[in-house]
Structure formats: C-alpha cells, structure tokens
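Good morning, colleagues, and thank you for making time for this presentation.

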Amino acid sequence: MLYYLFQYLNEKFHIPGAGVFQYITFRTAMSVITSLIITTVYGRRLIDYLRYKQVGETVRNLGLEGQMQKSGTPTMGGIIIILGIVVPTLLFARLENIYIIMMLVTTIWLGAIGFLDDYIKVFKKNKEGLAGRFKITGQVILSLFIGWTMYFNDSIIIRQEVKLPVTYDAPVSFHMRDNVPVYTQDIKSTITTLPFYKNNEFDYSKVLKFTGEDYEQYALVVFLFFVIIIITGISNGANITDGIDGLATGTSAIIGITLALLAYVSGNTVIADYLNIMYIPNSGELVIFAGAFVGACVGFLWYNSYPAQVFMGDTGSLAIGGIIAVFAIMIRKELMLPILCGIFIVENMSVIMQVSYFKYTKKKYGEGRRIFLMSPLHHHYQKKGYHESKIVTRFWILGIMLAIMAIITLKLR
C-alpha cells in the first residue's frame with residue numbers, strides 16, 4: 001500500500017526521496033524492520049493476552065527432561081509470525097504481482113488450518129486436534145491452486161535461452177555473453193532447477209517421455225503431483241520439527257535468507273545472466289515477502305528460544321513450512337529443497353522410519369522394536385541426555401551448511 005502511495009506522491013508532487021520505494025532493496029529492508037517491530041513489540045502484548053486467556057500448551061509426559069515445566073506455556077503464537085509476514089507485505093509489496101498474491105494466499109490458508117487445529121486442542125480440549133485427513137486435504141487444495149496458477153497464469157513465465165529458428169510464438173531478445181550471441185524468449189514452461197543435472201534445468205514433462213510422442217500433454221498432471229508432494233511434505237516436516245524451543249523458527253529463518261538471495265538473483269536479469277541462473281520476470285518482488293518472513297521468524301525467536309515464552313503451534317509451523325515450499329516452487333528451486341530443507345526432511349523421515357519399523361517388528365516378532373530412542377530425531381538426542389539449547393545450536397549449524405551446499409549446487413553441472 002505504501003508503495004502505491006509514494007508512487008502517486010512522486011508522480012504528482014515530485015516529493016524528494018519518494019522514488020526510493022521503487023527499489024526492491026529498500027522495500028525489503030523496510031519489510032524486515034517492520035516485521036521485527038511487529039513480532040517483538042506487539043508479540044509481547046499477544047503473549048500476555050494468550051496467557052491471560054489461559055491459551056496454554058497441554059504437554060504429554062514423554063519422559064523428557066524439563067518437559068513438564070513447559071505445560072501451560074502460551075501456544076498459538078504462530079499468529080505473531082503470520083501478522084509479521086502479512087502486514088509488511090501489504091505495506092511494501094506490489095499487490096498486483098501474482099507471486100505476492102499466491103504467497104499471501106498460502107500464508108493465510110495454511111495459517112487458518114493450523115489455527116483451527118490449535119483451537120480444537122486448546123478450547124475443545126481435544127489433544128488430537130484437527131484430524132490428519134483434513135489437514136492433508138487443505139494442503140492438497142492449496143497445492144492444486146498453486147500448481148494450476150503456475151501452469152496457466154499468463155504472468156508467470158521464464159526467460160529461456162533459445163536457438164534460431166525458434167519454436168515459440170514470442171518475441172526474441174538478443175544479447176552477448178562472453179562474446180557469444182545469446183537469444184532468449186519469455187515463455188511458459190514447466191522447467192525447473194535441478195542440482196547435478198545438465199545445465200541444472202529439468203522439465204517435468206519429460207518424466208513421462210517413455211510413454212510416447214504425446215508425453216508433453218501430461219505435463220500438468222506430473223507438475224501437480226510434484227507440487228502436492230513438495231508442499232505437503234515440507235509443511236508437515238516443519239510441523240514435526242517444531243518440537244523443541246527455537247528449532248523450527250531458527251531453521252526456517254536460515255532457509256528464508258537463502259530463498260531471499262535466490263529470489264533476488266532469479267528476478268534480476270543482469271545478475272541471473274551473469275551467474276547463468278534461470279531468470280524469472282517479476283519474481284524479484286518475492287524478496288519483499290522473504291524479508292518479512294525472515295524478520296517474523298527472527299522476531300518470534302526472541303520469545304521462542306530456550307526457555308520458550310510462547311509456542312507457535314500448528315498455526316505457525318504449518319504456515320512456515322508451506323511458505324518455504326511454495327516460495328521455492330515459484331522461483332523454480334523446489335527440487336533443491338531436499339538439500340535446503342534437509343532438517344525438515346530428516347525429522348519427517350525419522351518418524352516414518354520409527355513407525356514403520358515398529359509395526360513391522362511387532363508383526364514379525366510379536367513385539368515392536370525401535371530404530372531411535374524416540375522420534376522425531378530431536379527427541380532421540382534429548383533421550384541421550386543432550387540439552388535442548390545444544391541440540392538446537394547443532395541443528396542450526398547444520399542448517400547453515402545445507403543452505404551453503406544448496407547454493408553451491410547451482411554452479412555444479
């Protein structure tokens with residue numbers, strides 16, 4: 001909103017300094033600052049209100065050290081994160097941008113699903129919360145919306161290098177790269193970035209290439225399938241990771257910074273061409289959203305680090321996982337998430353492995369056996385006697401290493 005206000009003031013009254021709102025870097029900085037103010041200053045008031053309303057976490061006794069001391073800690077703090085993301089985005093982003101619209105829809109939609117789950121747990125005194133099938137249904141509906149929009153919306157295109165004669169009915173641009181002529185077109189495509197693959201680019205339509213010459217007609221089905229798997233997997237992975245103080249929040253902030261850098265590079269034609277990275281027109285606006293996301297995570301971490309004064313609940317964890325997944329899909333970096341979100345995936349897999357192995361051994365030997373002392377993985381280390389703060393610190397270091405590794409893979413062919 002402020003973007004449009006200052007654009008109007010600059011055009012009509014030529015107010016000195018009003019034109020600074022045209023720069024993505026300035027608006028990103030303002031987005032981060034505003035998000036930090038919302039989450040730290042107004043976050044305190046919301047925590048006090050939640051405590052006043054006795055919106056406390058019900059903790060099951062799992063035999064973990066210091067666990068029962070957390071009983072009654074205010075939950076549903078994810079509202080703070082959502083406000084810290086949505087408000088700065090509305091203030092500083094260009095709201096007609098299709099990428100911003102989809103990110104706002106993702107944040108509010110998954111935040112609402114998580115809020116409903118927390119509401120049932122806290123106010124209806126149902127420890128199970130919203131049934132898993134309803135959560136998955138909500139995530140699948142969002143995935144279909146994102147995938148369908150990405151595939152059909154005319155504003156979502158990529159700039160692809162082509163060779164003459166061209167096959168697409170679109171204007172051809174020409175420039176020099178290392179004294180070599182390069183021709184490009186802005187086209188619709190299901191191409192994405194895939195580390196360790198030729199040119200780091202992969203087309204979803206080629207998954208069914210073995211079926212025959214008309215395999216490209218199934219590109220939408222393949223793309224939607226991958227989008228559903230990625231969004232549900234990462235969203236639930238973040239939900240599972242949110243088990244000890246500051247783990248999910250800090251890890252998400254690291255991932256958010258990495259995605260912000262990738263979005264800036266992908267949305268800048270000069271830098272993208274210099275680094276030989278896929279250029280995505282109009283995607284640079286996502287950096288403002290990423291700034292708000294990182295600011296919200298860092299601001300919330302002030303109250304969520306050990307010992308936590310508030311828990312985000314599913315209101316926050318489902319939302320931040322979905323935001324990361326959808327953001328990566330939009331900048332065509334979703335196939336890098338197994339590296340970038342390695343912690344979420346490992347935490348998720350530890351639960352799947354534990355449950356599967358327990359059921360298998362119970363059926364085969366008559367008694368269930370375990371791979372880990374407890375799942376998710378962070379509880380395994382708690383059972384081994386590691387302090388929460390030490391576990392979180394090591395996971396953060398791992399998250400930074402994975403983020404650096406994900407960026408490095410962009411230059412590996």
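Predicted model: local features only at pLDDT ≥ 70, side-chain atom pairs only at ≥ 80, totals over all residues.

Aspartate 117 forms a salt bridge with lysine 121, and the closest N and O atoms are 3.2 Å apart. About one helical turn separates the two, because they are 4 residues apart in helix α4, which covers residues 98-123. Lysine 121 itself is partly exposed, with a relative accessible area of 28%.

Aspartate 117 also forms a salt bridge with lysine 135, here with 3.5 Å between the closest N and O atoms. This second pair links distant parts of the chain: lysine 135 belongs to helix α5 (residues 132-152), aspartate 117 to helix α4, and they are 18 residues apart. Lysine 135 counts as buried, since its relative accessibility is 13%. Taken together, Asp117, Lys121, Lys135 and Asp314 are linked in a network of salt bridges.

How many salt bridges does the structure hold? The total is 7. Another one of them joins the side chains of aspartate 48 and arginine 51, at 3.7 Å from N to O. Both residues lie in helix α2 (residues 24-52), 3 residues apart, about one turn of the helix. Aspartate 48 is partly exposed at a relative accessible area of 39%, and arginine 51 is partly exposed at 43%.

Which residues line the largest cavity? They are Gly256, Leu259, Ala290, Phe293, Ile323, Ile324 and Phe327. Two or more lining residues come from each of α7 (247-266), α9 (286-304) and α10 (313-330), and α10 gives the largest share, with 3 residues. By class, the lining has 6 nonpolar residues, 1 polar residue and no charged ones.

On the surface, there is a nonpolar patch formed by Ile345, Met349, Ile352, Met353, Tyr357, Tyr360 and Ile371, with about 600 Å² of accessible area together. Of these, isoleucine 345 is found in helix α12, residues 342-365. Isoleucine 345 counts as partly exposed because its relative accessibility is 30%.

Finally, some remarks on the backbone. Where is proline 307 placed? Proline 307 sits in the loop between α9 and α10, and a cis peptide bond joins it to tyrosine 306, with omega at about -10°. Another cis peptide bond joins serine 375 and proline 376, with omega at about 0°; proline 376 is in the loop between α12 and α13 (377-383).

Positive phi angles also deserve mention. Asparagine 282 is not a glycine, yet its phi is positive, about 75°. Asparagine 282 lies in the loop between α8 (269-275) and α9 and is partly exposed, with a relative accessible area of 48%. Arginine 332, also not a glycine, has a positive phi of about 60°. Arginine 332 is found in the loop between α10 and α11 (337-340), and it is buried, because its relative accessible area is 5%.

Thank you for your attention.

Definitions and conventions:
Residues numbered from 1 in each chain as written. Heavy atoms only, no water. 1 Å grid on protein atoms, 1.4 Å probe; cavity = no way out; pocket = protein on both sides within 12 Å on 5 of 7 lines; lining within 4 Å. Nonpolar A, V, L, I, M, F, W, Y, C, P; charged D, E, K, R; others polar. Patch = residues over 30% accessible without salt bridge, like charges linked within 9 Å, V, L, I, M, F, W, Y side chains within 5 Å. Areas by Shrake-Rupley, 256 points an atom, 1.4 Å probe, with all protein chains shown as cover. Salt bridge = Lys/Arg side-chain N within 4 Å of Asp/Glu carboxyl O. Buried < 20%, exposed > 50% of the residue type's maximum accessible area, 1.4 Å probe, protein only.
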